[in-house]
Amino acid sequence: MSSEKIEDTIRNVRLTTSTATDERIMMAAEAAMTKPKEKQPARIDTSGQIRRIIMNSKWTKLATAATVIAAIMLGIHILTGRGTSVTIAQMREAMQGIDWMQIINEGEKKGDGQVETDWYSFVSKVHIGVGNGVVEYEDFNTGKRLWWDPDGSSIIEYPIAQAKEFASGASGPFEMIDKTFRIIQAENNSEIVKELGTYEGQKVEVWIISHDVKSGEGRTLTVYIDAYRKFPVAATYDHTRQDGTVLRESNIEFRYPETGPADIYEAGAPKSAQIKHAPNP
Amino acid sequence: MSEDRQLLKGLHRGESAALRQIYLKYKDDLLTIARSLVHDINTAEDCLQDVFVSLASDGYRIRSNLKGYLLSSVVNRARDYLRRETAQSNFQVNMQTKRIDATETTNIPALDENMKTIIRALEKLSLEQREVIVLHLQGDMKFREIATMLDMSINTVQSRYRYGIEKLRQVLTKKEAI
């Protein structure tokens, strides 16, 4: 049997549950749903519990992937946009000296209250994530990670997993943007389009990259770059469906404050919450 | 994706209708994947139940990528079951295998002989190879997504896939020769 036929056969295997199984599983699941949530610390493995905005809209995944394969890509894949006045070198230069970056993701709809915010200090190597009431404070210099979950009564301290890198290995705001574009371009053979435009009345350069648009799973990342200061100021992430309709998945805003929250309490954890060490797994 | 976001929002609000919709949308895919990873349909259904009980109780923590969560969850459950199974005595394992064969013929009439043969051949692979093949072909995941999920390099994922498919081809060629 050929490899192709084996692959096709495995792909086409389709099992289905019986009605009795459906009833049994739904009964068990609904019972679990109505059970009051226990007040307990968050589990140690929390990957996926706080989703960084960038990462939500695949930025983080891309940046993470980038750290693995950047060495291969670097020097091979070069941004190829034409007709732009903002160069990668200019953006890199403008972003040198930037310490704090704040990323605000309002999700698919602005103003609906669903906001996730992340701060990155590239000097202190501190990351803070706030979303859905959960506050995470990671200090990569000390290797400590604090986690406040409104369902618990304490802030739990964990060690940061050894394999985890600050900002997915990016050394600054520029690199996060740069890697994202490089990876999308390299993986999808996509072209970066650059044009002049305005964003909320501000003169900007618009960088656009799309992939898989004809498949129904298309995504388009658009980044608005301040034409004078050369900083990314906003981004959107859109899904183009097979029928051509476009759904906004993320509205992202970049800010560069002088400083960020000094600790987990400033980031939103209640002052009354005590810090406790996570129990051994 | 947008539909999943809506379902997740419903789940965060504690709506059982959202839970039910998620179940209906993903149950067959997850059952198929679970069955390809473990050795019998009963265990696969147990995995499926564990996945949805876990989703119902912890789902409020998921912010995005519902499908990724469910696939990861079913793989972890399958690993747990196989770990427990390995700890059983040989006698018990043999008995289990016999029960599986009887169950398969009655509970999965929709599968043709070819598919049944391939599912049994999948059992000859290591779990690591099986996971990659099943996630790619039945979970419709790209290699880089699998690499992220399983926390390994894309090269490892691709080589496990290649060797796994080659081993399947050898196993099935031998069968045909017999």
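Student: Which residues does Leu122(B) touch, not counting residues up to four places away in sequence?
Tutor: Keep in mind that this is a predicted model. Leu122(B) has its place in helix H6 of chain B. Leave out residues up to four places away in sequence, and the ones it touches are Ser36(B), Arg130(B) and Leu168(B).

Student: Is Leu122(B) buried or exposed?
Tutor: Count the other C-beta atoms within 10 Å: Leu122(B) has 23. The cut-off for this class is 20 or more. So Leu122(B) is buried.

Student: How far apart in space are Leu122(B) and Lys167(B), C-alpha to C-alpha?
Tutor: Along the sequence, 45 residues separate Leu122(B) and Lys167(B). In space, their C-alpha atoms are apart by 9.2 Å.

Student: Where does the largest nonpolar core lie?
Tutor: That core has 55 residues, and Leu30(B), Ala34(B), Cys47(B), Leu48(B) and Val74(B) are those with the most contacts inside it. Helix H2 of chain B, residues 16-37, gives the most to this core, with nine residues. Domain 1 (1-110) and domain 2 (111-178) of chain B both give residues to it, so the core lies between domain 1 and domain 2 of chain B.

Student: What is Leu30(B) in contact with, leaving aside its neighbours within four places in sequence?
Tutor: Leu30(B) is among the core residues with the most contacts inside the core. Set aside the neighbours within four places in sequence, and its contacts are Leu48(B), Val51(B), Leu70(B) and Val74(B).

Student: How many residues are in the second, separate core?
Tutor: Look in chain A for some of its members: Val126(A), Ala170(A), Ala235(A) and Ala269(A) are included. As background, nonpolar side chains in soluble globular proteins tend to be buried together. The count for this second core is 39 residues.

Student: Which element gives the most to the side of chain B that touches chain A?
Tutor: Across the two chains, 43 residues of chain B are in contact with 35 residues of chain A. By class, the chain B side has 20 nonpolar, 12 polar and 11 charged residues. Several helices give two or more residues, including H1 (2-12) and H9 (154-177) of chain B. The one that gives the most, with nine residues, is H2(B).

Student: Which element of chain A has the lowest mean pLDDT?
Tutor: Chain A has a mean pLDDT of 73, with 73% of its residues reaching 70 or more. Strand S4 (residues 134-139) of chain A has the highest mean of its elements, 90. Over residues 36-85 of chain A the pLDDT is below 50. Where pLDDT is low, the predicted coordinates should not be read in detail. The lowest mean, 33, belongs to helix H4 (residues 59-73) of chain A.

Student: Is Asp140(B) buried or exposed?
Tutor: Asp140(B) is in the loop between H7 and H8 of chain B, and its phi is positive, about 55 degrees, although it is not a glycine. Most residues other than glycine have a negative phi. Inside 10 Å, Asp140(B) has 12 C-beta neighbours, so it counts as exposed.

How values were computed: Residues numbered from 1 in each chain as written. Chains lettered and ligands numbered in written order. Predicted model: local features only at pLDDT ≥ 70, side-chain atom pairs only at ≥ 80, totals over all residues. Core = buried A, V, L, I, M, F, W, Y, C linked by C-beta atoms within 7 Å. Helix = DSSP H or I, 4+ residues; strand = E, 2+ residues; numbered from the N terminus. Domains from an automatic or database assignment. Contact = placed C-beta atoms within 7 Å. Nonpolar A, V, L, I, M, F, W, Y, C, P; charged D, E, K, R; others polar. pLDDT = per-residue confidence, 0-100.
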